[in-house]
Amino acid sequence: MSGGSGGAPRVLGPTVDDQTRCVHYRTALDVIAIRFACCGEFYPCHACHAETAGHPARQWPVADRGERAVLCGVCRSTLSIADYLEADSCPDCGAAFNPGCKLHTELYFQV
């Protein structure tokens, strides 16, 4: 379901801690970063990407649901898009994910 933490990817944008929280979303549950389809870089949120990437965001196509594009900021495991979309928490460490993120699904992934 997820990958190990060896060589965990860097997270770009205005993060505020080492669990991928950012200046836009920093509650106890905001612990994921998403690898953007357009550049292959991890950002904590759509606003971080918009402010710092220098190019427009592109959604992951439905056909790419197997891509490991979601990083758990707590244990640094990567989840496939499909696994993340079905999860309320990290399958490796149990860290809860912010349920409000589901409101932004279409900003990252085609639905």
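The structure contains five aromatic pairs, a pair being two rings of Phe, Tyr or Trp (its six-membered ring) with centres within 6.5 Å; planes under 30 degrees apart count as stacked, over 60 as edge-to-face and the rest as tilted. Two of these pairs are listed below.

| Pair | Centre to centre | Angle between planes | Class |
|---|---|---|---|
| Phe-36 and Tyr-43 | 5.7 Å | 85 degrees | edge-to-face |
| Tyr-108 and Phe-109 | 6.0 Å | 50 degrees | tilted |

The model is predicted: local features need pLDDT of at least 70, side-chain atom pairs count only at pLDDT 80 or more, and totals for chains, interfaces and linings use all residues. Residues are numbered from 1 along each chain as its sequence is written, and side-chain values use heavy atoms, with hydrogens and water left out.

Phe-36 is buried, at a relative accessible area of 2%, and Tyr-43 is buried at 4%; buried means under 20% relative accessible area, exposed over 50% and partly exposed in between (1.4 Å probe, protein chains only). Tyr-108 and Phe-109 are both buried as well. Ring pairs join Phe-36, Tyr-43, Tyr-84, Phe-97, Tyr-108 and Phe-109 into a cluster.

Tyr-108 also belongs to the lining of the largest pocket, where Ile-32, Pro-44, Cys-101, His-104 and Tyr-108 lie nearest the centre among 19 lining residues. On a 1 Å grid over the protein atoms alone, a pocket is an open set of points where a 1.4 Å probe fits, with protein on both sides within 12 Å along at least five of seven lines; lining residues have an atom within 4 Å of a point. Strand 1 (32–35), helix 2 (81–86) and helix 3 (105–108) each contribute at least two residues to this lining; helices (H or I, at least four residues) and strands (E, at least two) are DSSP runs, numbered from the N terminus.

Asn-98 is located in the loop between helix 2 and helix 3 and is buried, with a relative accessible area of 18%. A polar atom of the Asn-98 side chain lies 2.8 Å from the backbone nitrogen of Gly-100.

Most residues other than glycine have a negative phi. Thr-20, in the segment before strand 1, has a positive phi of about 75 degrees and is buried at 3% relative accessibility. Arg-76, in the loop between strand 3 (68–72) and strand 4 (78–80), has a positive phi of about 70 degrees; Arg-76 is partly exposed, at 22%.

Key
Polar contact = N/O pair within 3.5 Å; in protein donor to acceptor, adjacent residues only side chain to side chain.
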